[in-house]
Amino acid sequence: MPKHNDKIMINNIRSLALDMINEAKSGHPGIALGAAPLLYTLYTYHLNYDITRKDWCNRDRFILSAGHGSALLYATLYCVFEDYNMNDLKKFRTMYSNTPGHPEYDLEHRIECTTGPLGQGFATAVGMAIAEKYLENTFYNKKDNLFDYKIYTLCSDGDLMEGISYEAANIATKFNLDNLIVLYDANNITLDGELDENYTENISNMYADLGWKVLLVKNGNSVKEINKAINNAKKSDTPSLIVVNTKIGEYSKDEGTNKIHGYLDPDDYIEIKKQLKCEERFSVDNVNLALYRQFIKDRVDDNYENWYSLYEKYNNETNEEEQNKLKSILTNESITLQLDKVIDTTKLFVDRPLRDINYQIMNVIAAFIPNFIGGSADVVGSTKTYLKGKEDFTIDNYRGRNIAFGVREHAMGAILNGLALSNLRPFGSCFLAFSDYLKPAIRMSAMMNLPVTYIFTHDSILVGQDGATHQPVEQLASLRTIPNLNVYRPADYKELIGSWNEILANAKPIALILPRGSVDTQEFTNPAGIEYGAYIISEVKKSLDVILIATGSEVTLAMKLKEELAKNYIEARVVSMPNIGNFLNQDKDYQNEVLPKGYKKVVLELSNDPTWYRLLELTDNFIGVSDFGASANPNDILKEKELDITNLVIKIKNIL
C-alpha cells in the first residue's frame, strides 16, 4: 500500500489551522505555521495511543504548554483521528464549541490538560512524569512493566521564560525523569518583539547545566531531523529538551516577526494558502488523508492488545490486594471511606494543634487509599503532611508517596495537577500566606475539576512572632472566590474528619485551611455538619439576641465570647461555618433555619473576606482584620486589633 506524503499532510494541517483562525477572526497563526512539522512528526511517528480507547492508561501523553497554538493541535488531531469533524474546526473559538481558544481538558477529544497560562503545561507535564514513575515502579511483574509511557510537551519561548518552568525543570532533574521530553519551539520571537529584547539566558546551556539531555534540530521543517532527535530523547537516561529551530509564521509576509504571532492579515491568508497549495477553505487532500489515517492505524493497532496481555499476566501472578490497588487507579473509582468509622478518636491528640491531628488523619487515609500521594514546599515539619511509613519519592525509590518539592510552591501546584490527571489523589501543603505563589495552578485545578487537595496551615494573624509577612489576611477571600474550589476551615478534629470525608467522597479541588496552634474541641461539633457548610453548635436558653458565625479557630473565640456575653445578659447562638460555599448551596429553608431573618448576625473571622456580606444584612456586622498583622505574641496582636474578648464584648454591645 502506498504511503502518505509528509509534506502534503503538514501543509494540510497548516492550512486547516489558518482556516480556523481566519474564520474566527482570532487566534495565533505564527505557531501554527512554524511548529506544524514538529507536532505532525510527534503524532505520526512517536506517540503511542489507541485509536478507540482514548483514556487507555498506558498511552503517551502530549501537553500543548504553548496553549496559544490550539488551532495547530485541533487541526493535527482532526487529521490523526476522527474525534473532531470539520464542523468542530469551523466553530473554533465560538461558544460551546469543542475547539476553544486555548486547550481545555477533554479526554473525549484527546486534550490531556487545560493550558494557556504559560509554563503551566510544562510543570503539569513534570507531574505526569512523576506519576508514571510511581505507577511503573509500583505495579510491575518481574521484567514486565504495566506502565512505560512517555510525556511530551511543546513549549514556546514564553513558557520557558516563566519562573514556574525553571522550578519544574529543577524538580525533573532532582527525580531524573527520563520519561519527560520537552519540545521547544525556538523561534526567538515573543508577542512584543524579538526574544533577546526580554531574555538573555542561553536555554540550551541552562538545561544542560541542569542535567538535561539537550538536542538540537537545526531545520524545523525537517521530519527526518525531528524524528532523529525524538528517537535520541526516548533513549536518554535524563529528561530531554529538544530545541527545534523554527520560523514563526512560515510562508507569511511577516514571517520571523512578532506581527504574525497573534494576527492574520486577510490578504496574507490567501497568499499563504496558495503557497501551501490548499486554496479551498476547510479542505484536505482526501487521498493522502486516507493513506495517513491507515498508516496511523497500522502503527498503533497492537498497542493496547500487547499491553492487555501484560495486564492479564500481572493479575494472574499477583495477590488480590495488589489487583484491587491497581483497579482503583485504573478505574479512578470513587472513594467511600468514612473516616469517623475507622478512626479511633480516643487516640487522637485532641489537645494538640489541628495540623498535628491532621497528620494522624492523613496517615489513616494513606493506609486505605493506595494512590494518596503528595508533599510540601519545604515546610513538611510545620504543615505536618508527611505519610509515615510510605517512604520518600526519590531517584532510588519511585514507589515513595512523599514528594519533597523544595521551596517551589508554584511548580508544586501544577505538578499536583499532573498527578491528578494520572488518576492519583494528590495533596500539597504550605503556609496560607504563600498560597498566592501557587494561585495560577489552583485555578487550573478548579477549571479541570481535579481532585487536588491543597493544605494550608498557619492560617491567620495568630501565627504570631513570625510577623505580618507570614500572617494571611486576604488569602481566604482569594481562595473562596475561585469558582469550583471548595474551601474548608474546620473548627476542631470532628469537623476536620468531616472535611476529609467530603474531600475523599467528592473528588473535587479543595483548599483545607488549618491553624498553627491548638483549638478547643467543641461539644456539639460533628463530622456530618460539614456537608451543610454551616450548622448550629451552641443554642440559646431563652431569647435569641445575636447569632455569632465563625470558622476555624475563631469558633473557639466565638464560644468564649458567648460565655462573656451571657454574663452581660446577652444570649448568643453560635454557628460554625467551615465551608461557606456548601452553606450557600443549601436550600433557603435550611439557611433560614440556621440564620433566621430578623435577628442580628455577627461574623467573627480573622480575614477581610467580603464573601461574608452575601450572608449579612445591612444591620449585621463582620468583625475581621482590615490591615496586616504584626510580629508579636498572638494575644497581644488580638488586643492591638481590638479582637480580644473584652473588646469583642464591647463591639457586640454597640451592635445591639
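**Salt bridges, burial and overall fold**

User: What makes Arg110 and Asp83 a salt bridge in this model?

Analyst: Keep in mind that the model is predicted. The side chains of Arg110 and Asp83 come to 2.5 Å, N to O, and the cut-off is within 4 Å, so the pair counts as a salt bridge. Arg110 sits in the loop between helix 5 (86-90) and helix 6 (120-138), while Asp83 sits in the loop between helix 4 (70-80) and helix 5. The two are 27 residues apart, and the pair links distant parts of the chain. Both Arg110 and Asp83 are buried.

User: And why is the pair of Asp356 and Lys384 called a salt bridge?

Analyst: N to O, that pair is at 3.9 Å; the rule asks for within 4 Å, so it qualifies. This one also links distant parts of the chain, 28 residues apart: Asp356 belongs to helix 16 (residues 354-368), Lys384 to the loop between helix 17 (380-383) and strand 11 (402-404).

User: Is Asp356 buried or exposed, and how do you know?

Analyst: Asp356 has 10% relative accessibility. Buried means under 20%, so Asp356 counts as buried.

User: What about Lys384, then: how is its accessibility classed?

Analyst: Lys384 comes out at 27%. Buried is under 20% and exposed is over 50%, so Lys384 lands in between, as partly exposed.

User: How do you know that Glu642 and Lys651 form a salt bridge?

Analyst: Their closest N and O atoms are 3.8 Å apart, and the limit is 4 Å, so the pair passes. Glu642 has a relative accessible area of 41%, so it is partly exposed. Lys651, with 26%, is partly exposed too. Elsewhere, salt bridges that share partners join Asp459, Arg480, Arg489, Glu554, Glu605 and Asp609 into one network. By this rule the count comes to 29 salt bridges.

User: What makes Glu194 part of a patch of negative charge?

Analyst: Asp192, Glu194, Asp196 and Glu197 gather in that patch on the surface. Glu194 is found in strand 7 (residues 193-194).

User: Zooming out, why is the chain called as compact as a globular protein of its length?

Analyst: First the make-up: 26 helices and 20 strands. The radius of gyration is 28 Å, close to the 26 Å that the globule rule gives for 656 residues, so the chain is as compact as a globular protein of that length. Its C-alpha trace spans about 90 × 60 × 45 Å along the principal axes, and buried residues make up 61% of the 656 residues.

Technical notes: Residues numbered from 1 in each chain as written. Predicted model: local features only at pLDDT ≥ 70, side-chain atom pairs only at ≥ 80, totals over all residues. Heavy atoms only, no water. Patch = residues over 30% accessible without salt bridge, like charges linked within 9 Å, V, L, I, M, F, W, Y side chains within 5 Å. Areas by Shrake-Rupley, 256 points an atom, 1.4 Å probe, with all protein chains shown as cover. Lys, Arg positive; Asp, Glu negative; His and termini not counted. Charge placed at Lys NZ, Arg CZ, Asp CG, Glu CD. Helix = DSSP H or I, 4+ residues; strand = E, 2+ residues; numbered from the N terminus. Rg over C-alpha atoms; globule rule 2.2 N^0.38 Å. Buried < 20%, exposed > 50% of the residue type's maximum accessible area, 1.4 Å probe, protein only.
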